[in-house]
Amino acid sequence: MSNSPVRKLNAVIVDDDPSMKRLLEQVLVSHFGDRLNLWAFTDPHEAQRWIDQNCCDLLISDIEMPDIDGMGMLIFAKRRNSWTQVIFLTGHSSWDRVTEAIENGASDFLLKPLDKAELIKLVEQEFERFVRWQTALRGRRTSAAATN
């Protein structure tokens, strides 16, 4: 049995700052290449429409955005797929805000200005978790099929 995932990791970026969105895209595409499918949005409404119609494995979202903030994105994504991992970007968040995010299922935080090496490290960890989960699910299905 191969250790490669059944499919590519589906990652979504949401940041209302177009330059931050582009930077995140560039870093992730240059490092992860074809190991992931990447969609990036500056409009959280568009991101939610995409998430509603597709499987989002990893959501990287600014926590402070007008209209729909990162917490709204997290709750929406987790309701759609409880396995979605969420990394928040923040320039300034209170202890209460961080606590609320963790209680709602956030995986981690990245501080702005963005540390590219830290972004790569966190996404690599999420990718490794994704591979383990895909392998475990595939293994379980293979074992069940063998006993029937």
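**Cysteines and nonpolar cores in a predicted model**

Q: Why is Cys 55 called partly exposed?
A: Cys 55 has a relative accessible area of 30%; buried means under 20% and exposed over 50%, with partly exposed in between (1.4 Å probe, protein chains only), so Cys 55 is partly exposed. This is a predicted model, in which local features need pLDDT of at least 70 and side-chain atom pairs count only at pLDDT 80 or more, while totals for chains, interfaces and linings use all residues. Residues are numbered from 1 along each chain as its sequence is written, and side-chain values use heavy atoms, leaving out hydrogens and water.

Q: What makes Cys 56 buried?
A: The relative accessible area of Cys 56 is 1%, so Cys 56 is classed as buried.

Q: How do you know that Cys 55 is too far from Cys 56 for a bond?
A: A disulfide is a pair of cysteine sulfur atoms within 2.5 Å. The closest cysteine sulfur to that of Cys 55 belongs to Cys 56 and is 7.3 Å away, therefore too far for a bond. The search of the whole structure finds zero disulfides.

Q: What makes the set of 21 residues a nonpolar core?
A: A nonpolar core is a set of buried Ala, Val, Leu, Ile, Met, Phe, Trp, Tyr and Cys residues joined through side-chain atoms within 4.5 Å. The largest such core has 21 residues, and Ile 60, Leu 119 and Val 123 have the most contacts inside it.

Q: Which residues is Leu 119 in contact with, leaving aside its neighbours within four places in sequence?
A: Contact means heavy atoms within 4.5 Å; Leu 119 is in contact with Leu 24, Val 27, Leu 28, Ile 60, Leu 110 and Leu 114.
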